Amino acid sequence: MSLITKPNSSFTFCTFLFLVILVIIGLYTVHHPPRNPKSGLFFRQLFLSSATNYTVSSYLRSLTSHPHLAGTRPSLETIHYVKTHFQNLGFETHTVPFRTLLSYPLHASVSMHFSNGTVFNLPLNEMGISNYNVSSGLIQPYHAFSPSGTVQGKVVFANHGTEDDYGVLGRMGVKVSGCIVMVKKGGNLGRGVVVEIAEKMGALGVLLYAEGDVSRDSFGFGVERGTVMKGVGDPLTPGWAGVEDGERLELDDNKVAERFPGILSLPLPFESAQLILESLRGPLAPQGWRDSGRSNLSRVGPGLVMLNFTYEGEKKLATIYNVFAVIRGLEEPDRYVLMGNHRDAWTYGAVDPNSGTAALLDIARRYALLMRKGWKPRRTIIFCSWDAEEFGMIGSTEWVEQNLVNLGAKATAYLNVDCAVQGPGFFAGATPQLDNLIFEVTKKVKDPDSKVATIYDKWKIMNGECNIERLTGVDSDFAPFLQHAGVPSVDIYYGRDFPVYHTVFDSFNWMINNADPLFWRHVAVAGVWGLLGLHLADDPILPFDYLSYAKQLQEYTDTLSRVLDASISLVPLAASIQELTSAAKQANDETKNLLTIELTDGLLALKIRALNDRLMLAERGFLDTDGIEGKEWFKHLIYGPRSNHRSELDFFPGISDAIAESTRTSRRDRDAKIQHEIWRVARAIQRAAAALRGEVI
């Protein structure tokens, strides 16, 4: 009998595999030695010290030298300017084109027809501006994707155009059906929603004007352009990218047609709106409506004057271009930190969006300086310059749809700035796991309106607390990243509103005379934005704290408990939030432990990589494949748009919609619908908790 036994094949294979892993870790450690934390601090300080107001102002002057509406010839010059800037810094630079449906005006007229036969054609353009034409890039005021046609009818004033405003008119005995409605900007409704509600009320068309915040002085009265299309992205390619030779729906396809309003709409100058308002008869307008603006509003209409309203536009395919510059990461080149701003503007775009573009270009300049001093990011940084945002986040949405799988697996965070500077006061929006990082970064950047205070100090003084808003709206390029792809996101800016929004007076001259004469607010936004990028690209462990997320979710649940009665159970939410809290504490403890391990530990890199993946992927758990009912493209069940305009909660959009719809159904159906949406959110939170733990159930 032989004493020699066969070796255990499974044992031999496991030993071999273990040795291979050790060799890989050893090679990784040799070629990517651990970073000295002090070097990260050095490069962040160098980034802040290299700021100048001169460079950012020069960028903005060049960007706003001419109008650059997406799809027009002048916009190509702006594309070239941004691309050349990145190339001159030595970055890997490229453009990605898409072929998408855009909308431009051909002709518009609004005339008042008096009972004595007199006809008066109302001015529709900004005062003193006459050189409107597509070839110059300066487009007359219009609503993109409004249908063409002619309507004639009497006018009714509908205040802000909310459903409650129409309810007030109904109680006054004023019928809107068959009339043209006049609406003033306000009421927290987007122009597309205003038109949608008016159409539902039976109106023939909508004339929208701004008052109260309208800028006069040397800039005259502006007229606010904008889109009235529903949803985001190219309407001909819903859910997939609008590439050159790809599939497209026909313009008359039902899925396309439902994206556009069925009634005409147009923005009006304040002076023209005033003439119409003065002609109205009928009941007296409510006192609150009369006191809320500068117009001489007296009655709500209708009157004796008939209005003839004509609009002719064209929807056509146009090529848009996103511009990208890439700084490859050294240790984790397959993990992406994206920093984005849209480039296209309705007119000159000094505030919207090119204050943000100028800040982005200056961050790129400063990052290039850091690279010359020896800096290389741990993760890959991608600068994104989006096109056609003004038409409905088209450039960013098409790119997200095209790269959805890679973004889901590799995107660490998306940092957005749209209007970097609108006026005084710092504002930030973010997903909650990024709150603490924003607080820490704002403590490092000097406030532009103080001698010694930081942004954090001034922010806290202004509001009593540093309040970070949540990204529930669909009003900038963070929407496709967060609400469709589940990428943690940030949006920052200075100033809440500005009076020349989407008008011809959003110019470099307005910026230097009003919002930021010395460009220090631009420097401040670039400082915060750039430091956020450095931390997310360089910190060994991603600076995400999901305890902040769990706390925020608990606050939402507490609010629901005050809104709903005892027939609805919030136990599923409470249990899932507890799971997330536990997973978040575990992740935080693991972070602390890993940061104290000796750097010679060969397994440290793999342990950190595994934790970072869990931190990155947890946000994806809040996505649901079925999406929000009525807006199924939006997948995020915590933050996203509400389908019901009467929804009052700005979180849990599915639950919010179910509550708003409950008045139209039986008690039993109401409770069942709300409870189902609560279960959906609870399951999403459980998915996020499971991803954060990194375990399968």
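Student: What should I know about the model before we start?
Tutor: Residues are numbered from 1 along each chain as its sequence is written, and side-chain values use heavy atoms, leaving out hydrogens and water. The model is predicted, totals for chains, interfaces and linings use all residues, side-chain atom pairs count only at pLDDT 80 or more, and local features need pLDDT of at least 70.

Student: How are the axes of α13 and α14 oriented, roughly parallel or roughly perpendicular?
Tutor: Helices here are DSSP runs of H or I with at least four residues, numbered from the N terminus. The axes of α13 (residues 435–442) and α14 (residues 455–463) come within 7 Å and cross at roughly 110°. Angles of 65 to 115 degrees count as roughly perpendicular, so α13 and α14 are roughly perpendicular.

Student: Which residues of α14 make the contact with α13?
Tutor: Contact means heavy atoms within 4.5 Å. From α13 come I438, F439 and T442, and from α14 come I455, Y456 and W459.

Student: How many disulfides does a search of the whole structure find?
Tutor: A disulfide needs two cysteine sulfur atoms within 2.5 Å. For C384, the closest cysteine sulfur is in C419 at 18 Å, too far for a bond. Over the whole structure, the number of disulfides found is zero.

Student: Is P105 buried or exposed?
Tutor: Buried means under 20% relative accessible area and exposed over 50%, with partly exposed in between, using a 1.4 Å probe and protein chains only. P105 touches residues including I139, Y142 and Y311, leaving aside those up to four places away in sequence. With a relative accessible area of 6%, P105 is buried.

How values were computed. Axes fitted to C-alpha atoms, helices over the stretch in contact; angles between N-to-C directions. Helix = DSSP H or I, 4+ residues; strand = E, 2+ residues; numbered from the N terminus. Parallel < 35°, antiparallel > 145°, perpendicular 65-115°, else oblique.
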